Amino acid sequence: MFAVYASEPNPEDPLASLTVGERPAEDPPPGWVSVQVRAASLNMHDIWTLRGVGIKSEQFPMILGCDGAGVLDDGTEVVLHSVIGDPDWRGDETLDPKRTLLTEKHQGTFADRVIVPARNAVPKPAELSFVEGAAMGTAWLTAYRMLFVKSGLRPGQTMLVQGASGGVATALVQLGRAAGMRVWVTGRTEAKRELAAGLGAHATFEPGARLPERVDAVFETVGKDTWSHSLKSLKPGGIVVVCGATSGPDAVAELQRVFFLQLRIAGSTMGSRDELADLLEFVRLSGIRPQIGTELPMTEADRGFRTMLDGETQGKVVFTR
Ligand SMILES: NC(=O)c1ccc[n+]([C@@H]2O[C@H](COP(=O)([O-])OP(=O)(O)OC[C@H]3O[C@@H](n4cnc5c(N)ncnc54)[C@H](OP(=O)(O)O)[C@@H]3O)[C@@H](O)[C@H]2O)c1
């Protein structure tokens with residue numbers, strides 16, 4: 001079948017390992033289903049996979065794509081939940097030590113078909129297109145958990161999102177605005193700050209800017225380059241929720257600030273199947289739709305990867321089939 005895959009780990013030149021070609025289709029084992037993929041979105045995780053981060057070398061070649069939307073053989077339209085846990089695990093799948101995301105052990109969604117456990121195929125609301133549904137399973141689910149499960153923010157409080165144009169960042173802005181938060185955003189260019197304002201940010205700032213007042217929560221995906229600003233921007237008792245470290249993980253902890261101001265730091269990873277179902281319902285009820293910056297046929301996936309690698313995304317990059 002057609003597939004976009006990583007042929008081998010390539011830490012220095014990830015796009016050199018990106019291959020558009022053919023891979024064998026797999027038959028679903030008992031309890032799994034085969035999904036005809038209609039759309040799947042690009043995440044930074046796919047670039048980490050090309051670099052060989054978070055995946056064993058013997059797993060290559062690996063079909064990329066950790067989320068998507070498609071159709072079951074009985075015609076049911078579904079959105080995919082990427083977190084595949086041990087069948088005996090009970091409770092939050094993201095805490096299962098044996099869990100993997102699609103593309104870490106099992107083949108991903110940039111292909112004609114993908115196989116997943118039946119419970120990982122969540123019914124897609126009819127109001128959402130396949131392209132919109134494809135954005136939900138990773139970036140939007142991660143943002144949903146950061147905001148509604150981890151941060152403890154109440155409507156009316158102020159949140160700062162570090163980064164304006166990314167998949168997780170745009171989801172945080174759109175979800176935060178729809179939920180009644182005061183949303184502030186930093187963005188690296190005027191165009192990115194305008195994008196955030198158009199998505200509902202109440203104010204935007206250059207990276208590292210002194211804010212008019214301190215905020216209740218900061219949402220971090222950037223890491224080293226913004227971490228110090230994140231801690232400085234928090235009110236006493238405030239919380240920084242972190243799900244990624246694109247610019248590097250080795251940020252200075254500034255422990256004095258953390259204990260003296262009683263700041264809280266919460267890690268967050270993906271979300272549960274139930275949270276994905278709740279996210280889909282929230283999106284349906286609120287009428288918000290994910291910001292899609294780039295939509296391309298899967299055959300032109302390399303153009304989408306280049307956009308992300310160059311930091312030129314404008315929301316989600318989605319590939320269609
Ligand atoms: N733990 C999880 O479950 C989980 C899930 C999804 C993503 N993540 C992580 O979250 C991060 C973002 O993922 P994504 O898919 O949203 O990526 P993306 O679409 O490429 O977005 C990158 C974001 O990083 C911002 N940024 C600011 N300073 C940066 C710098 N110095 N270098 C690079 N980027 C900078 C960009 O802001 P501007 O708009 O200002 O350019 C943009 O908002 C990645 O590290 C990813 O691995 C983690």
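Helices (H or I, at least four residues) and strands (E, at least two) are DSSP runs, numbered from the N terminus. The model is predicted: local features need pLDDT of at least 70, side-chain atom pairs count only at pLDDT 80 or more, and totals for chains, interfaces and linings use all residues. Residues are numbered from 1 along each chain as its sequence is written, and side-chain values use heavy atoms, with hydrogens and water left out.

**View 1. Packing of helix H3 against helix H8.** Two packed helices are described by the angle between their axes and the distance between the axes. Axes are lines fitted to C-alpha atoms, for helices over the stretch in contact, and angles run from 0 to 180 degrees between N-to-C directions. H3 packs with helix H8 (residues 273–286) at an angle of about 90°, and their axes are 10 Å apart. H3 is thus roughly perpendicular to H8 (angles under 35 degrees count as roughly parallel, over 145 as roughly antiparallel, 65 to 115 as roughly perpendicular and the rest as oblique). By class, this contact of H3 with H8 has eleven nonpolar, one polar and three charged residues. Here Ala, Val, Leu, Ile, Met, Phe, Trp, Tyr, Cys and Pro count as nonpolar, Asp, Glu, Lys and Arg as charged, and the others, Gly among them, as polar. Among the residues that meet are Trp-140 and Phe-148 in H3 and Leu-279 and Phe-282 in H8; contact means heavy atoms within 4.5 Å.

View 2. Ser-151 lies in the loop between helix H3 (136–150) and strand E11 (158–162). Ser-151 is buried, with a relative accessible area of 4% (buried means under 20% relative accessible area, exposed over 50%, partly exposed in between; 1.4 Å probe, protein chains only). The side chain of Ser-151 reaches the backbone oxygen of Leu-147 at 2.7 Å, and a polar atom of that side chain lies 3.1 Å from the backbone nitrogen of Leu-153. Not counting residues up to four places away in sequence, Ser-151 touches Met-146, Phe-219, Ile-239 and Val-241.

**View 3. Helix H1 and its partners.** The buried residues of helix H1 (residues 44–51) are His-45, Asp-46, Ile-47, Thr-49 and Leu-50. They pack against strands E1 (2–6), E2 (18–22), E3 (32–42) and E8 (100–101) and against helix H9 (301–309). H1 and H9 pack at an angle of about 95°, with their axes 10 Å apart, and are therefore roughly perpendicular to each other. The contact is made by Met-44, Asp-46, Ile-47, Leu-50 and Arg-51 of H1 and by Phe-305, Met-308 and Leu-309 of H9. Gly-52, whose phi is positive, near 90°, follows H1.

View 4. Most residues other than glycine have a negative phi, and most peptide bonds are trans. In the loop between H1 and strand E4 (62–63), a cis peptide bond with omega of about -5° joins Phe-60 and Pro-61. Thr-103, in the loop between E8 and strand E9 (113–117), has a positive phi near 90° and counts as buried at 0% relative accessibility. Met-270, in the loop between strand E16 (264–267) and H8, has a positive phi of about 45° although it is not a glycine; at 6% relative accessibility, Met-270 counts as buried.

Note on methods. A polar contact is a pair of N or O atoms within 3.5 Å; within protein, one must be able to donate a hydrogen and the other to accept it, and residues adjacent in sequence count only if both atoms are side-chain atoms.
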